[in-house]
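I opened this entry to get my bearings in a structure I had not looked at before. My notes follow in the order in which I looked things up.

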Amino acid sequence: DEHGIPLPLELTSLRVAQEAFSYMRSESQPLTNTLVSHASFRDNTQHLLSSLWRPSSAGGEMMDVAEMANEFPDVFGELHEVEGVYAKLHHGDERNRTVCAMVSLTLLLQDRYDDFIAPQKTSTSLMPSTWRRWQSFIKW
């Protein structure tokens, strides 16, 4: 909020939706869908999916975390840094959190604990026992 106190995710999402609605009502021209479906969209999607889910047993390497974060906007147009809805509403931080959540979920699904905790401080990183519980839940 305006006092620097972090809001719960539900309120933050509601605030973003309200700001988008207010913006659309205040503009002489409403916010339009200018997301362009590039000819390479299908190729980008195929590449992302095949890179994300390629089994390491097939001799392929898993996609690097930075590459993953860079490729998500090629497939999910709302995340585009210029044309995406987050950019148009000047919510770059929300966009970054969304990309981070997508990367985190992918790492969780791929059981990539070391990549998941890499940006965390060693003293406060996620405990392996918690990761194992998460994995148990995912596989359930």
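Confidence. I noted first that this is a predicted model. I looked up the mean pLDDT of the chain and found 78, with 69% of its residues at 70 or more.

Helix pair. I turned to helix H3 (residues 65-75) and helix H5 (residues 92-109), whose axes lie 10 Å apart and which pack at an angle of about 125 degrees. I therefore put H3 down as oblique to H5. The crossing of H3 past H5 is right-handed. Which residues meet there? From H3 I listed Val 65, Met 68, Ala 69, Phe 72 and Pro 73; from H5 I listed Arg 95, Val 99, Met 102, Val 103, Thr 106 and Leu 107. I sorted the residues of this contact into nine nonpolar, one polar and one charged.

Loop residues. I looked up His 90 and found phi near 60 degrees, a positive value in a residue that is not glycine. His 90 sits in the loop between helix H4 (85-88) and H5.

I located Asp 111 in the loop between H5 and H6. The relative accessible area of Asp 111 is 39%, so I wrote Asp 111 down as partly exposed.

Conventions:
Residues numbered from 1 in each chain as written. Predicted model: local features only at pLDDT ≥ 70, side-chain atom pairs only at ≥ 80, totals over all residues. Heavy atoms only, no water. Axes fitted to C-alpha atoms, helices over the stretch in contact; angles between N-to-C directions. Helix = DSSP H or I, 4+ residues; strand = E, 2+ residues; numbered from the N terminus. Parallel < 35°, antiparallel > 145°, perpendicular 65-115°, else oblique. Left-handed = near helix turned anticlockwise from the far one by under 90°. Contact = heavy atoms within 4.5 Å. Nonpolar A, V, L, I, M, F, W, Y, C, P; charged D, E, K, R; others polar. pLDDT = per-residue confidence, 0-100. Buried < 20%, exposed > 50% of the residue type's maximum accessible area, 1.4 Å probe, protein only.
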